[in-house]
Amino acid sequence: MSEYVKKRLFHGFICMHILHHAKEEPIYGSWMVQELAHHGYTISYGTLYPILHDLEKEGLLTSSASIVDGKIRKYYKITPAGELTLKELRNYLAELTDEVKEK
């Protein structure tokens, strides 16, 4: 698989991970990079933050800042629109998984 195709496909999976975790509790960038790495995704901050900003611009996430250890940390949490989107994505994923899994 070409790197371009892999990157495009994984982008959607990463967005789903972000929405899933932001529904459970507020998330922040460095934690999300580590969480994604736990699932086998290698993602840089330069890739992650534009995704977070895009999800926020689309109204799927909101953000707030807190000072942690003397530094500003931006937390993201899911919005009602984000929850609806996540629910729809889970339905699509279940249908796709049922269709493409090997028998």
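This is a predicted model: local features need pLDDT of at least 70, side-chain atom pairs count only at pLDDT 80 or more; totals for chains, interfaces and linings use all residues.
Let me begin with the largest pocket, which is lined by Glu3, Lys6, Lys7, Phe10, His11, Ile14, Gly40, Tyr41, Thr42, Ile43, Thr47 and Ile51. A pocket here is found on a 1 Å grid over the protein atoms alone, as an open set of points where a 1.4 Å probe fits, with protein on both sides within 12 Å along at least five of seven lines, and lining residues have an atom within 4 Å of a point.

Residues are numbered from 1 along each chain as its sequence is written, and side-chain values use heavy atoms, with hydrogens and water left out.

Back to the largest pocket: about 300 Å³ of space lies in it, a volume being the space filled by probe spheres set on grid points that are joined across faces, edges and corners. Which element gives the most to this lining? Helix H1 does, with six residues, and H1 and helix H3 (45-57) each supply at least two; helices here are DSSP runs of H or I with at least four residues, and strands are E runs of at least two, numbered from the N terminus. By class, this lining has five nonpolar, four polar and three charged residues, where Ala, Val, Leu, Ile, Met, Phe, Trp, Tyr, Cys and Pro count as nonpolar, Asp, Glu, Lys and Arg as charged, and the others, Gly among them, as polar.

The second largest pocket has a volume of about 160 Å³, and its lining consists of Tyr28, Gly29, Ser30, Tyr49, Val68, Asp69, Lys71, Ile72, Arg73 and Lys74. Helix H2 (29-38) and strand S2 (71-78) are the elements that give two or more residues to that lining, and S2 gives the most, with four. Its residues divide into four nonpolar, two polar and four charged.

That brings us to the strands, where S1 (residues 61-68) and S2 run antiparallel and are joined by eight bridges; two strands pair if DSSP finds at least two bridges between them. Serine 66 stands opposite arginine 73 in S2, and arginine 73 is also one of the residues lining the second largest pocket. Aspartate 69, another residue of that lining, takes a positive phi near 55 degrees in the hairpin of S1 and S2, which has two residues between the strands.
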